[in-house]
Amino acid sequence: ALAGLSVTGGLRYTWEYSFSSQTIGAPPAVSGSVNSKYPSYTATIDYDLAKGVHAYVTARDAYKSGGVNGPVPVGSSFRTFPPEGLSDIEAGLKSQFSIGGTEVRANLAVYRGIYSDIQRTTLEVISGVPLNVTRSAARGKIQGVEFNGAIVPVRGLTLTGSYSYIDAKYTKVSDASAGAILNGAPFPYTPKHKVSVGGTYQVPVGAAGDLVLNANYAYQTRVSTAQTNASFYTFLPSYGLLNGNIALRDIGGRPLDISVFATNLTNTK
């Protein structure tokens, strides 16, 4: 066997039963059910390139439950909808080392995910009646890069930072009715850029214990909050948050800590 190399894997098979029942206006209730089944897996190759330097490649997939549109008549193609699927591959590097006595940690990852059978709500005319139905409406792609690191320039002081870039978009819509709500729509809840910086300083204060000071600032670009382009509120603007805390640990040499913390110190709205 190759020293420093390891391979891990896992397999899961899921059988799922979904049931819904609803009363529209007045009884009787309209109900329906659907059975779903799907496999999911994970596989990872890890390799120690050098002392404190570790590389990996992992592939995995996962699912979100399918379901049933109760009011839709049996026999319609919109009666049920399949599970969402996400297949993802990620490669990365994790490292921890010293430069001139300064401790450094640096981690980098790149990834790409293929998103299939994305569930969205569309307006469909079924047996002459317009109905809002949940359905498999699109495919998508989510890819990006992430970095996080830390450095200890002097004893007691730790500086941290992270950055992520996400490129997420719909790559295909199922038909015209899906296109009516998804064409031109940004992918929801995925800010393109996120960055954070922080610092922690810990110093002993005699018998009183250890004084710990911490501050962290996190920023993200605007993000779509809309599932479709027909939503009224569409974006949450970019914003940054500054948080901090002061703590006294191991007071009097005992397992007792006291801390005061504050979030959103700049009163960002």
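Strands here are DSSP runs of E with at least two residues, numbered from the N terminus. With that noted, I looked up Leu108 and found it in strand β7. I'm working from a predicted model, so every entry below is about a prediction.

**Surface patch.** Leu108 also turned up in a nonpolar patch on the surface. I listed the other members as Leu49, Leu93, Phe147, Tyr163, Val195, Val197, Tyr217 and Tyr219. Together the patch residues have about 750 Å² of accessible area. I then checked which elements supply them: β10 and β11 (210–220) each give at least two residues.

**Aromatic pairs.** I went through the rings next and noted four aromatic pairs in the structure. One of them is Tyr115 with Phe187, a tilted pair at 5.9 Å centre to centre and 50° between the planes. What does this pair tie together? Tyr115 sits in strand β7 (residues 102–126), while Phe187 is in the loop between α1 (176–182) and β10 (193–204), so the contact joins parts that are 72 residues apart in sequence. I checked burial as well, and both Tyr115 and Phe187 are buried.

Terms used: Residues are numbered from 1 along each chain as its sequence is written. This is a predicted model: local features need pLDDT of at least 70, side-chain atom pairs count only at pLDDT 80 or more; totals for chains, interfaces and linings use all residues. Side-chain values use heavy atoms; hydrogens and water are left out. Rings of Phe, Tyr and Trp (its six-membered ring) pair if their centres lie within 6.5 Å; planes under 30 degrees apart count as stacked, over 60 as edge-to-face and the rest as tilted. Helices (H or I, at least four residues) and strands (E, at least two) are DSSP runs, numbered from the N terminus. Buried means under 20% relative accessible area, exposed over 50%, partly exposed in between (1.4 Å probe, protein chains only). Patches are made of residues with over 30% relative accessible area and no salt bridge: like charges are joined within 9 Å, nonpolar side chains (Val, Leu, Ile, Met, Phe, Trp, Tyr) within 5 Å. Accessible areas come from the Shrake-Rupley method with a 1.4 Å probe; for residues, only the protein chains shown count as cover. A salt bridge is a side-chain nitrogen of Lys or Arg within 4 Å of a carboxyl oxygen of Asp or Glu.
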